[in-house]
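Please read these notes with the model open beside you. Take the points in order and find each residue as you go.

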Amino acid sequence: MSTVVANGVAHHVQELGPVVERGAPPVVMLHGLVIGSLASWFFTAGPALAQARRVRMYDLRGHGRSARVPTGYDTHTLATDLDELTRDLPPFDVVGHSWGALVALRFAHLHPESVRRLVIVEAPLPPASAIEMTAFLNAGPEAIIDALPESLRTAVASGRRQAQRLVESVVYLVRDTTLLADIRAEGEPASIGLPPTLALYGDRSTCRPGGEAFAHRCGAKLAILRGGHYLHLDARAELTARIQDFLDG
């Protein structure tokens, strides 16, 4: 485990794969809000990608083993965190899930010289509304956990400490931070000037219409996989293969 201070916040960072100089361009992987952590990728697509490239993953501020902070969950601040955590890298690829995908889009717009290719997985783009997202998060930790995929619910239920940590994290982020206000205040991301982009969505996801519209506007490659919002769990093998093929292309 490595702790790196970026933007004044201690971040938990993990890396897999060969050194940058010896592999394909590195890839940085971002997880979603509230129930996400670097484990979302560390135990799914990350190891497969790391066979040929350096993979860097980290817990967003307030998540996982990164420092708990009351503010800064908007994509601009999180993109600034990402910038400071990657300044040692040559141009790299970025893969983001859910809110992490919006952070990746923001970062690519602000730092086009740094991003070679971009993969957004289940980005909650309009017409998926912030009101819907915040209403879900306001429902309480039990309702949020009940909405998880069965495999993740089972994993949480199997360990009392793990379940307790997740509930405590959800309560903290929803009640004691600006996260909900930051979500409500977020504008639509830029859809021009992006690097080659792959948009991946689940056929059962409420985010799919917004993703399809966005891909059409920005000319991104679009792929619809079988599953819901948590494609890294619902369609792990196909998602990984799609990401690998795109980054290798």
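The points below go from the whole chain to single residues.

1. **Ground rules.** This is a predicted model: local features need pLDDT of at least 70, side-chain atom pairs count only at pLDDT 80 or more, and totals for chains, interfaces and linings use all residues. Residues are numbered from 1 along each chain as its sequence is written, and side-chain values use heavy atoms, with hydrogens and water left out.

2. **Overall shape.** The chain has 249 residues and a radius of gyration of 17 Å. A compact globule of that length would have one near 18 Å, so the two agree. The radius is taken over C-alpha atoms, and the globule rule is 2.2 Å times the number of residues to the power 0.38. Along the principal axes, the C-alpha atoms fill a box of roughly 45 × 40 × 30 Å.

3. Count 12 helices and 8 strands in the chain. Both are DSSP runs numbered from the N terminus: helices are H or I with at least four residues, strands are E with at least two.

4. Of the 249 residues, 53% count as buried. Buried means under 20% relative accessible area, exposed means over 50%, and partly exposed lies in between (1.4 Å probe, protein chains only). The accessible surface comes to about 11,000 Å². Carbon and sulfur atoms hold 51% of that surface. These areas come from the Shrake-Rupley method with a 1.4 Å probe; for residues, only the protein chains shown count as cover.

5. **Contacts along the chain.** Contact means heavy atoms within 4.5 Å. Take the contacts with a separation of 6 or more: 72% of them join residues 24 or more positions apart.

6. **The cores.** Which residues have the most contacts inside the largest nonpolar core? They are Ile120 and Leu179, in a core of 50 residues. Helix α4 (residues 99-110) gives this core its largest share, 8 residues. A second, separate core has 23 residues, including Met29, Leu49, Val55 and Leu198. A nonpolar core is a set of buried Ala, Val, Leu, Ile, Met, Phe, Trp, Tyr and Cys residues joined through side-chain atoms within 4.5 Å.

7. **Ile120.** Set aside its neighbours within four places in sequence. Ile120 is then in contact with Gly96, Ala101, Leu105, Leu198, Ala199, Leu200, Tyr201 and Phe214.

8. **Helix α3.** This helix spans residues 75-85 and is mostly covered, with 8 of its 11 residues buried. Which residues of α3 are buried? They are Thr75, Thr77, Leu78, Ala79, Asp81, Leu82, Asp83 and Leu85. These buried residues pack against β1 (2-6), β2 (9-16), β3 (24-30), β4 (53-58) and α4.

9. **Val170.** Look in helix α8 (residues 160-175) for Val170. Is Val170 buried or exposed? Its relative accessible area is 1%, so Val170 is buried. Not counting residues up to four places away in sequence, Val170 touches Val34, Ile35, Pro141 and Ile144. Val170 and Ile144 are 26 residues apart along the chain, and their C-alpha atoms are separated by 8.5 Å.

10. **Val34.** Now turn to this partner of Val170. Val34 lies in the loop between β3 and α1 (39-42). Its phi is positive, about 70°, although Val34 is not a glycine. Val34 counts as buried because its relative accessibility is 4%.

11. **Ser98.** Here is another loop residue to check, between β5 (92-97) and α4. Ser98 has a positive phi of about 55° and is not a glycine. With a relative accessible area of 7%, Ser98 is buried.

12. **Cys207.** The loop between β7 (197-202) and α10 (208-218) holds Cys207. Its relative accessibility is 8%, so Cys207 counts as buried. Beyond neighbours within four places in sequence, Cys207 is in contact with Glu122, Ala123, Pro124, Tyr201 and His229. Cys207 and His229 are 22 residues apart along the chain, with C-alpha atoms 7.5 Å apart.

13. **Leu180.** Helix α9 (residues 179-185) contains Leu180. Leu180 is buried, at 8% relative accessible area. Leaving aside neighbours within four places in sequence, Leu180 is in contact with Thr134, Leu137, Asn138 and Val174. Leu180 and Tyr73 are 107 residues apart in sequence, yet 8.6 Å apart in space, C-alpha to C-alpha.
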